[in-house]
Protein chains: 2
Amino acid sequence: MTLRRSRHNNPRPNIYAIILAGGSGVRFWPLSRESSPKQMLQIVGGDTLLRQTIQRINGFVPPENIWIVTTEDKAQDIRFHIESLRSIAEKIQFIKEPSGRNTAPAIGLTAIYLHRLSPESVMVVMPSDHAIPEKENFLSDLELAIQGAKKNYLITFGIKPSRPETGYGYIKANRSSKTEVKGLLKVKCFVEKPDLETAKTYLSDDSYFWNSGIFVWKTSKILSEIEKHLPSLYKTLREIEGLLFSDLNVRNDPNILNRFKDRYSCLENISIDYGIMERSHKTLMVPATFQWSDLGSWSALDEMIVKDDGGNILRGNTIDIGSQDSIIFAGERLIATLGLKDMVVVDTPDATLVTPKKRAQEVRKIVEVLKRSGREEHLIHKTVERPWGSYTVLEKGQGYKIKRVVIKPKAKLSLQLHKRRSEHWVVVAGEARVTKEDQTYLVRTNESTYIPKQTRHRLENPADAPLQIIEVQNGDYLEEDDIERFDDDYGRLTNDQ
Amino acid sequence: MTLRRSRHNNPRPNIYAIILAGGSGVRFWPLSRESSPKQMLQIVGGDTLLRQTIQRINGFVPPENIWIVTTEDKAQDIRFHIESLRSIAEKIQFIKEPSGRNTAPAIGLTAIYLHRLSPESVMVVMPSDHAIPEKENFLSDLELAIQGAKKNYLITFGIKPSRPETGYGYIKANRSSKTEVKGLLKVKCFVEKPDLETAKTYLSDDSYFWNSGIFVWKTSKILSEIEKHLPSLYKTLREIEGLLFSDLNVRNDPNILNRFKDRYSCLENISIDYGIMERSHKTLMVPATFQWSDLGSWSALDEMIVKDDGGNILRGNTIDIGSQDSIIFAGERLIATLGLKDMVVVDTPDATLVTPKKRAQEVRKIVEVLKRSGREEHLIHKTVERPWGSYTVLEKGQGYKIKRVVIKPKAKLSLQLHKRRSEHWVVVAGEARVTKEDQTYLVRTNESTYIPKQTRHRLENPADAPLQIIEVQNGDYLEEDDIERFDDDYGRLTNDQ
């Protein structure tokens, strides 16, 4: 153990961890929302999936070699989300896709940037929302993969099946033929998700592996493979490179950025598996020694979380009598279950899901109904995380809205103004420093203040303990976009609280 | 129809409707709570079961002949609950049991009171929480029952089975032998809840009926039958009569009332069915022409509510995809269900129940767990009805509690004081008149006021529209019993908001 650890304690300068974090994770609704996708949830393990993914690779590579690839609209939320990783967080780089175009364009774009920076670099491409509890095994396997990558192979990780899973794609490996790197296997072919009968035969045949979606290759090699197998994508990527690197000031030129967006949004929507891996002849596979799950739906938790005697996974405020093999995710409200069998129940403050496990992957259909009917339950949670803390909508009524606002020690909201609503603030914990036009004053626990509409104001926590206020808004329009910002610690001067 | 109606339009002065409303209805948790038992819920039909029961009999008997029998602790809540029946409500009489002792003692006590008032009276004894949608058929059958009662029989109502129900007791009637009143049948015996096989044979045998628990008899007759079959109960009832009617001032004499409580609490806990009906030789049965359900559990709704094409009953804010034969009761929060089969999901602001229909009658087990663990979810709802309006606890946190308080037009809360909490009030709709020690002032929409602890205060709605305020309480103790009342429109000077 000590030996292994020391082995990973010299971060490799030329290895880059590329974390794909653009997914929306509708399959974990109602816990996941557009503003809180699956990678930002703590479903298994002691932290969110994204932060676990970063921690898994940090140290193996230096933090500045950790690149997060995500869409522009998610980048700020993710930036706030990883802030708790302290000193690592500020070193992590972001590649922002103008829009989501699947993994081949996202990886291609990243390779373009990375190749400019370091032509000899090796990319470790990882989804941000998978579960891999065994870090040491993962890093050992990764060492092996890097050896293969350095010999110009595209390396994928195959997971030994533990059940006849029909929800994964499979890799058929060639166990008999030798490869240049001991321990790596040749890939015969990639196989689509099988039916149950086929999956059972795969389970008893040791040449089949689950396709984990984790890849390692040289940056130069993936670019040449894209050139070969996806020539049209390659051509546009090179044009984009021309745009982005023609001028050092490009990042601030809206014309160039718009052309970049245009080009990117027309890229072929294709996965790296389908576009490259299945076509390339340069693939090798690491037979992984670690436990893995893609957490594709609520029912996937079964393999990753220890169950009670009845086979149930119970979390939060639950009372259960006699249920079996069920997953109950509650929050603060009481979820009482009686005699369930193979069910999933997930409760959040504004929505609850109830479905049999075997239907759990269809939850996206509910999200589609919500979208079509113009509802909000798929977009945001009642509690919204912000760089300065969080707010929770406790109730919305005719002409009023009530929020609980929690401000971190020493943090402050922007200097702002609302055109159509006034705000009553009651401090229920801590001490607030309030700016109201030219005045600045303290409001202590059990004191209140009033901010009329059209009044510049700022809320600040000057103390070392969290500040908690209850805000009662009054007005004829109470949406978040009624905000004008004049100054902000977090660089937000658009309409976004 | 016109003829029938006119027939019931001359209220019978000597017929008394005795409505048994002492039940707690734990089987409809989480919609029912101790403070909102089943009879106070609107589960089927356009009103609550208790108010439907009152409306069903009102007009057939004069409103002052409607007596509600309930326990002392429920009486005030029920009094508030029936207030919406306006002019009827104030004429309705209450018989308050000092504690719940089953139906034989409750009916015996009522007979004692009624026999004093009217020795020749006829009692129509009805549960308050059953569903009988067909009022006219019920009243026609009742006419028949009264004829039998006047001839000194104990009359029960038998319901023609429509399915092999194992949850009801049955009556075996004698169809061949004639009775003194045409249309009434002799009762051969009462039969315990059968198993499914037996229930199927009952269904195909036209002499078996469901025992509805509705009874009609002369007050003098039920007393003489109690004397015969439950002599010890009879003896104590007579002692209680001696206590209660020995002195006109008895109602205010705490000594006498305590002795009454003592005696009552030691009465045999026995049902009228088991104690009298099964033992008496003077029973006759009306073969009922109306539809009936005792609504014994959530699954009983199946027979009383029209279902959608999938056999589902959906109420409130629901999205369902492909469920079958399920009951989904939602409130304002979204309940999303996918592929359920024969399930019950009931959502309330602080608790949600999920169970298969066939386990629904076991929900009382959950209530028992809640009781044992000292929780509150079986006691009250987040919204509590009060004579002046209602309040809803929106959130409880460390050192604070937030309520939405709605005050009816022209209503006022008591003049009160809290020792350990202060209150911030923000008016979000309407106009409040606030009394704070010697001051009285108006607080309008979007204005607020502050009531420090240890301060006498009163909240009043002087206007014709509802007043709505958000109350933020601060203090180290925030329970409802921190209240001292000085004046109250509703005669409440104990610790009960």
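This report describes a predicted model of two chains, from their arrangement down to single residues.

## Basis of the model

Residues are numbered from 1 along each chain as its sequence is written, while chains are lettered from A and ligands numbered from 1 in the order in which they are written. Because the model is predicted, local features need pLDDT of at least 70 and side-chain atom pairs count only at pLDDT 80 or more, whereas totals for chains, interfaces and linings use all residues.

## Domains of chain A

Chain A is divided into domain 1 (2-287), domain 2 (298-367) and domain 3 (383-487). These bounds come from an automatic or database domain assignment. The centres of domain 1 of chain A and domain 3 of chain A, taken over C-alpha atoms, are separated by 41 Å.

## The two copies and their interface

Chain A can be laid on chain B by a turn of 179° and a shift of 0.0 Å along the axis, with an RMSD of 0.1 Å. The copies are superposed by least squares on the C-alpha atoms of residues with pLDDT of at least 70 in both. The two copies are therefore related as by a two-fold rotation axis. In chain A, the C-alpha of Leu394(A) is the nearest to this axis, at 3.4 Å. The same surface serves both copies, as 100% of the contact residues of chain A recur in chain B.

In the interface, 46 residues of chain A are in contact with 46 residues of chain B; contact requires that the C-beta atoms of two residues, placed from the backbone, lie within 7 Å. Strand E15 (residues 351-356) of chain A gives the most to the side of chain A that touches chain B, with six residues. Helices (H or I, at least four residues) and strands (E, at least two) are DSSP runs, numbered from the N terminus. By class, this side of chain A has 24 nonpolar, 13 polar and nine charged residues. Here Ala, Val, Leu, Ile, Met, Phe, Trp, Tyr, Cys and Pro count as nonpolar, Asp, Glu, Lys and Arg as charged, and the others, Gly among them, as polar.

Strand pairing also links the chains: E15(A) runs parallel to strand E13 (residues 334-338) of chain B and is joined to it by four bridges. Two strands pair if DSSP finds at least two bridges between them. Leu334(B) in E13(B) is the bridge partner of Ala351(A).

## An enclosed strand and a packed helix

Strand E9 (residues 283-287) of chain A has four buried residues out of five, so the rest of the structure largely encloses it. A residue is buried if 20 or more other C-beta atoms lie within 10 Å of its own, exposed if 12 or fewer, and partly exposed in between, with C-beta atoms placed from the backbone. Strand E5 (residues 154-159) of chain A runs parallel to E9(A), and five bridges join them; Phe157(A) has Val286(A) as its bridge partner. Strand E7 (residues 185-191) of chain A runs antiparallel to E9(A), with two bridges, and Leu185(A) is partnered there by Met285(A).

In chain B, helix H8 (residues 219-229) has several buried residues, including Ile222(B), Leu223(B) and Ile226(B). The buried residues of H8(B) pack against elements of chain B, among them helix H5 (103-117), strand E4 (122-127) and helix H9 (231-245).

## A six-stranded sheet

Six strands of chain A form an open, antiparallel sheet in the order E16-E17-E18-E25-E20-E23. E16 and strand E23 (448-451) of chain A stand at the edges with a single partner strand each, so one side of each has no neighbour in the sheet. From one strand to the next, the twist averages 20°.

Strand E16 (residues 383-386) and strand E17 (residues 389-397) of chain A pair over four antiparallel bridges, and two residues lie between them in a hairpin. Val384(A) stands opposite Tyr391(A) in E17(A). Eight bridges join E17(A) to the antiparallel strand E18 (residues 400-407) of chain A, where Val406(A) is the bridge partner of Ser390(A).

## Backbone details

The peptide bond from Trp29(A) to Pro30(A) is cis, with omega near 5°. Pro30(A) is found in the loop between strand E1 (15-20) and helix H2 (49-57) of chain A. The bond from Trp29(B) to Pro30(B) is also cis, with omega near 10°.

Asn102(A) has a positive phi of about 75° although it is not a glycine. With 17 C-beta neighbours inside 10 Å, Asn102(A) counts as partly exposed.

Key. Axes fitted to C-alpha atoms, helices over the stretch in contact; angles between N-to-C directions.
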